[in-house]
Amino acid sequence: MTYRLAFTAALLLAAPAMAQTLDDRHLPVLPRTKAETARIARVLAPPTDFSAPEKFEAKPGGAATTRAIATADAFSQSSENMPFAREMDFKLGNGLFRKTWVAAPSSTKASDGLGPFYNARACQDCHIKDGRGHTPEGADEPRVSIFLRLSVPGGNPVPEIADYIATSPEPTYGGQLQDFAAPGLTPEGRMGIDWREEPVTLADGTVVSLRHPTYRFEAPANGPLAPDIQLSPRVAPQMIGLGLLEAIPAADILAHADPEDADGDGISGRPNIVMSAEYGAPMLGRFGHKAGAPTIKEQSAGAFAGDMGLSTPLHPDPWGDCTAAQTACRTAPHGQEPDIRDGLEVDAQSLDLVTFYSRNLAVPERRGLDDPQVLRGKEIFYQAQCAACHVPKFVTNRLKDQPEQSFQLIWPFTDLLLHDMGEGLADNRPEGRATGREWRTAPLWGIGLTEQVSGHSQFLHDGRARTILEAILWHGGEAEAARDMVVNLPTGDREALIAYLESL
């Protein structure tokens, strides 16, 4: 038994609460047979021949993969294998995702309840064309699609989760800075960003400039922040393939964990384990830059509450992220009415439709994967150990009544685990079990279409990297050896690696 499989088994035999984290209670799972398990192991074996693409590599989302289109709508297509009867739910979910909400009271009863404090008026405002958010181009540009998370050290422990790091929302301003407000209220403040450029010289003489950001909370409307405030920027991530990531067996993700680096490769990988608001139990974190949400539904409900101040069955308070210190916000009009929308601003049906839409945004097919330069770049990707964290492929659970994600060979290029990325990327703000230096491995599928979809090529959790190469050069910690190999590559090999990544 490998160490990583042994680690998974050890978790299963540990405290009962920890064992709970390994199940897939959010999914209608049909067990795999022994024959299927053996076949999956063969399919997932790493390649040894880089002269041609692997079988099925052109379809990163399995049968759910959609064709690549040369427009900004490339990330807005539904799962290719979606039954016709389910397409209406996707379209209704899309409508809710794009809906512009308004503050209460309003004659538009189906769309009121926004805020009272908020960051955006629609999901699509942050996830532009279902793609990545971006940093503001100028000092006066609105900070939509990027915001600051807020916390202070300490708080209630979670004894069911080992190594949990307790934090609390900032006592006055809550869990995130919200820079918009309903009429009659003053926004909480404004995110300030300063940039510093640092040149990095590669082995072939190429000079790349990295921009270092410094973030601050400007013009706080309700007095000073706590002296021990922890700030962390967040750019909205792309939305494709979320349902497929949700369908990966938890045990298969945990099999890649090596928290003590027992195999000596310098890469440890740890799962974030979070308390589920829906199931009231610890679950494996999969979504968010630090894997702080276990399911798409919980991630969506958290965004409704935190980003738009809208209540849902999982977060029923109509004031969203407002704290007890913000009395004007707590007492402002809201959109909850008895016997309408379950007495919520976003009822259970609406939350389910947005979840279904988010679950079924399809991954586009690969482009140019048989190009000799791309194939050379793939070989370098493996030689540099990029695949140790950006795990290329998984097979999803076999699922009942969820055909789009059921038993698909997928190529997301992530292990969904936390990794120490070094001091350069550290935000020094823990989240669950994640330390201030740890981040979840970002999926790479679709990365080459970022500029086409979102109109920019910004990467990493705060968009500081303006190119794929800049993103690589920011890697430190567990990824330092891989970064250094890229720094020392001959020009042609480095260009091949970038060409491979742009083909994903």
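**Loops, a disulfide, a sheet and a helix pair**

Reader: Where is Q385 found?
Author: Helices (H or I, at least four residues) and strands (E, at least two) are DSSP runs, numbered from the N terminus. Q385 is found between two such elements, in a loop. The elements are α11 and β11 (394-395), and the place is the α11-β11 loop.

Reader: What kind of model is this?
Author: Residues are numbered from 1 along each chain as its sequence is written, and side-chain values use heavy atoms, with hydrogens and water left out. Local features need pLDDT of at least 70, side-chain atom pairs count only at pLDDT 80 or more, and totals for chains, interfaces and linings use all residues; the model is predicted.

Reader: What is the phi of Q385?
Author: Q385 is not a glycine.

Reader: Is Q385 buried, partly exposed or exposed?
Author: Buried means under 20% relative accessible area, exposed over 50%, and partly exposed in between (1.4 Å probe, protein chains only). Q385 has 38% relative accessibility, so Q385 counts as partly exposed.

Reader: Which loop holds D261, and what is its relative accessible area?
Author: D261 also has a positive phi, near 50°, in a residue other than glycine. D261 sits in the loop between α7 (250-254) and β9 (273-275). D261 is partly exposed because its relative accessible area is 23%.

Reader: What is the omega of the peptide bond from A104 to P105?
Author: P105 lies in the loop between α4 (87-98) and β2 (117-118). The bond from A104 to P105 is cis. Its omega is near -5°.

Reader: What is the omega of the peptide bond from G115 to P116?
Author: P116 is in the loop between α4 and β2. The bond from G115 to P116 is cis. Its omega is near 15°.

Reader: Which cysteine is joined to C322?
Author: A disulfide is a pair of cysteine sulfur atoms within 2.5 Å. The structure holds 1 disulfide. It runs, with 1.7 Å from S to S, from C322 to C329.

Reader: Is the disulfide of C322 and C329 right-handed or left-handed?
Author: C322 is buried, at 3% relative accessibility. C329 is buried too, at 1%. The torsion about their S-S bond is about 70°, so the disulfide is right-handed.

Reader: How far is the sulfur of C386 from the closest cysteine sulfur?
Author: C386 counts as buried, at 16% relative accessibility. Its closest cysteine sulfur is in C389. That is too far for a bond, at 8.8 Å.

Reader: In what order do the 3 strands of the open sheet stand?
Author: Strands of a sheet pair through backbone hydrogen bonds, either parallel or antiparallel. Two strands pair if DSSP finds at least two bridges between them. Here the pairing is antiparallel, and the order is β4-β3-β8. Each edge strand pairs on one side only, and these edges are β4 and β8.

Reader: How many bridges join β3 to β8?
Author: Strand β3 (residues 146-153) is mostly covered, with 6 of its 8 residues buried. S151 stands opposite Q230 in β8. Strand β8 (residues 230-235) runs antiparallel to β3, and the number of bridges is 6.

Reader: Which residue in β4 is the bridge partner of V152?
Author: Strand β4 (residues 167-168) is antiparallel to β3, with 2 bridges between them. P153 stands opposite T167. The partner of V152 is S168.

Reader: How is α11 placed against α15: parallel, antiparallel, oblique or perpendicular?
Author: Axes are lines fitted to C-alpha atoms, for helices over the stretch in contact, and angles run from 0 to 180 degrees between N-to-C directions. Helix α11 (residues 372-383) and helix α15 (residues 491-502) pack at about 95°, with their axes 7 Å apart. Angles under 35 degrees count as roughly parallel, over 145 as roughly antiparallel, 65 to 115 as roughly perpendicular and the rest as oblique. So α11 and α15 are roughly perpendicular.

Reader: How many residues of the contact of α11 with α15 are nonpolar?
Author: Contact means heavy atoms within 4.5 Å. The residues include V374 and F381 of α11, and L497 and Y500 of α15. Ala, Val, Leu, Ile, Met, Phe, Trp, Tyr, Cys and Pro count as nonpolar, Asp, Glu, Lys and Arg as charged, and the others, Gly among them, as polar. The contact has 4 charged and 2 polar residues, and the nonpolar number is 8.
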